[in-house]
2 protein chains.
Amino acid sequence: MAIGSECVLIGDDIPDRAMSDESRSGRNKPGILLRPRTSEAVSEALRICARHGRTVVPQGGMTGLAGGACPRAQDVALSLDAFSGVENIDPVSMTMTVRAGTILQDAQKAAEDCGLMLPIDLGARGSCQIGGVVATNAGGIRVLRYGMTRENLLGLEVVLADGTIISDLGGMIKNNTGYDIAKLFAGSEGTLGVITRAVIRLRPLPMARQTALCALNGFDDVMQLLHHARQDLPGLSAFELMWGDYFDLLQDLEGVLMKPAPAFAVIIELETMDRETGDADFEAFLARMFEENILADALVAQSSRESARFWAVREGDKIYEAMPHLINLDISISLNQMERFVTECKQAITARFRNVRALFYGHAGDGNLHIALDIPDSGDSQLIHDVETCIYDKVREMRGSISAEHGIGTLKRDYLSYSRSPSEIALMRQIKQALDPSGLMNPGKVL
Amino acid sequence: MAIGSECVLIGDDIPDRAMSDESRSGRNKPGILLRPRTSEAVSEALRICARHGRTVVPQGGMTGLAGGACPRAQDVALSLDAFSGVENIDPVSMTMTVRAGTILQDAQKAAEDCGLMLPIDLGARGSCQIGGVVATNAGGIRVLRYGMTRENLLGLEVVLADGTIISDLGGMIKNNTGYDIAKLFAGSEGTLGVITRAVIRLRPLPMARQTALCALNGFDDVMQLLHHARQDLPGLSAFELMWGDYFDLLQDLEGVLMKPAPAFAVIIELETMDRETGDADFEAFLARMFEENILADALVAQSSRESARFWAVREGDKIYEAMPHLINLDISISLNQMERFVTECKQAITARFRNVRALFYGHAGDGNLHIALDIPDSGDSQLIHDVETCIYDKVREMRGSISAEHGIGTLKRDYLSYSRSPSEIALMRQIKQALDPSGLMNPGKVL
């Protein structure tokens, strides 16, 4: 086999990690796992699969949360992990060409070694891979300043279901020569082809980060703070909101920061090119917010260790200790409707589901909320479905998105019509059909 | 006819402006001009055209430079100019919902009235329309800070060739629910459907602009200046480069700014939230650049009138007075190769074409150059073709883009393969075929 027999795994040689992503859904062992080492080998693999009518599930770091990389038993899993490495950094044009199997953190490190920053960052940085980051249009903690992965993408190399290699690695920032194929593949979750290389835009590496944990008494104050932060802080890179009950639960697990917990806690972070000026500007901004009675309290991190403590509460890694049956949702809602959305969701859940608890937090600056659901009867899949539907009903009613950054995969597929019209879905199917007429690429995902 | 007989023009009632865009190419009177006043009327019009197998050319402000909106005699021209107006501005989420026929400047003004900024800006602002701005993925003078139109687009309503209305106007910043249809239509130049509405992301309105005209002795200094400006000026919104011969010709026409002309002139502009601090930071930056011997000279605009004088030279509206047969090209090239590209182009043109003059300038911060060609024998279309091909050959050799922001239209169609591989073009055709199987939408454009 042209892709190299050492790159073909079957049976017990297939590691468990190929069975499921972080959602722990599915958990089927695929019939074959391929680990090609070049784009040409990916092409050859897809050609062979196409000839035999075999369906293909592309896999990266398996950190997805929507089941997008989970195979069925009859699928061929195609992992890019053996095709890794940063191929080129152009410090003048500020671009990076990187292979799909590269761990995000390794790519970040390579940029930093050149005095630049790869602007995409997320909790899974240590294990997620660039191919998956692009395929799921990953968001993360710096979207407010730099946009989603798609906005930072200058080109891709992809392999179509029939083995055709499409290469668009010129890396031009401005290139109006026909359809933007790279941005179509971003967020397509492996359903249109396999991403093998990406050109990503780099940014100047900030010299300092300023981080504050802010306490606010009402949602209007949160919106006022956001307004002023966007206006006055050009380096604003994060505006993370936690409702008081989420914040309080997590500070009890991670280490107390503010007692009693405020009604709303916000982490503001900015990136600046000079520590001293940045600190002074930030202090002056916070002082103005106190004067205007927007802020009730604020802690400014005096070290990166202290800011890490704020982020630990926000990221909630220890939440499983308090909510062992945690289910995490990820939605977008207009900022105008956000408070009403949360209030109505809480009311609906209290009224309909005994013992189910819902905590709200997220990247509020972008309208993105996460919802931590504690559903004690976790074996009851009908109950889980009902709770999720209860929340997604509200999202639909308020014309939000049922997936802000996690994607659709299999887990949200039944809800796609909550955020997309029948004609939009029909159009997506037309595009899918055009690029993958035999339906071999990641079947059953998204559509 | 359901679209209203007053919206259907034929024969002499069709204004000359429907014949061609700013490129003055084509110049055919279309058989019919439709001016629908609602999305439903656009849908009805396309359904009727589809039933009769009539080809449709969408038109906006007719300010394009690639012939993308020029009809043939047998085409139905469909102008969106009667469907205009800003429908909604959400100051909290910072989004605008706007109809396709809205003049860009009117949309900018509506944002400013709410204390916000529509970040897309270009010379044709007073006559170009939002639909065309999106369809051509317009660039302009603030791309360095805010990206192209596509990056500022949160959703679209479009009508497909069969009359299907696809509406994605939720305006979420983060929305990972399947393929990004809006971003596929951006830059598709009317070949996939008709854009009827857009949701555009707004930004905080800057309180002040600082502008300087900088003189530099060498291209390495230009690259150094760009590096430091990107690093030190968070509000950097423009970095416009002019080779000395272009600058000198234009200052002679517009009013002298610096004599003798420097080897390179650069306009740096930044947007700040505070006039005083912004001025001080900018002066300090320029002082550092002098100290490091990067700058040879600089004029800081003391008023918006003075900065307008700098921009007048850069935009070169009077260039026709010196170059009556002007042909303007628009390419992208890696910053690493830019100096060599210009040198080799000038050599090649001097060696091959007597009396042809080429001047270089553009949005260098994004790798985008414009090339002003003076071709005295302007009736000689073979000569024009040969000169263009001479330059595009260099672009291809250096893996640049033959259209940075103007699009492909008809005028660059023969050169599409210079920047796109056969497999990329084949994939574009597959997408086109999927969305417009009868080939009725803007035939002969792009592909």
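Reader: How many salt bridges are counted between chain B and chain A?

Author: A salt bridge is a side-chain nitrogen of Lys or Arg within 4 Å of a carboxyl oxygen of Asp or Glu. Between chain B and chain A the count is eight. One case joins the side chains of E405(A) and K174(B), at 2.7 Å from N to O.

Reader: What kind of model is this, and how are its parts labelled?

Author: The model is predicted, so local features need pLDDT of at least 70 and side-chain atom pairs count only at pLDDT 80 or more, while totals for chains, interfaces and linings use all residues. Residues are numbered from 1 along each chain as its sequence is written, chains are lettered from A and ligands numbered from 1 in the order written, and side-chain values use heavy atoms, with hydrogens and water left out.

Reader: How is the size of an interface given?

Author: Often as the accessible area lost when the parts come together. Here the probe is 1.4 Å and the loss is summed over both parts. Chain B and chain A bury about 6500 Å² between them, 55% of it on carbon and sulfur atoms. K174(B), N176(B) and Y179(B) supply 17% of the area that chain B buries against chain A, more than any other three residues.

Reader: How many residues of chain B are in contact with chain A?

Author: Contact means heavy atoms within 4.5 Å. By that rule, 81 residues of chain B touch 81 residues of chain A.

Reader: What is the secondary structure of chain A?

Author: Helices (H or I, at least four residues) and strands (E, at least two) are DSSP runs, numbered from the N terminus. Chain A has 14 helices and 18 strands. Its radius of gyration, taken over C-alpha atoms, is 22 Å, close to the 22 Å that the globule rule (2.2 Å times the number of residues to the power 0.38) gives for 447 residues, so chain A is as compact as a globular protein of that length.

Reader: Is S25(A) buried or exposed?

Author: Buried means under 20% relative accessible area, exposed over 50%, partly exposed in between (1.4 Å probe, protein chains only). S25(A) counts as buried because its relative accessibility is 13%. Buried residues make up 62% of the 447 residues in chain A.

Reader: Where does S25(A) lie?

Author: S25(A) lies in the loop between strand 1 (8-10) and strand 2 (32-34) of chain A. Beyond its neighbours within four places in sequence, S25(A) is in contact with M19(A), S20(A), G67(A), C70(A) and L411(A).

Notes:
Buried area = accessible area lost by both parts, 1.4 Å probe.
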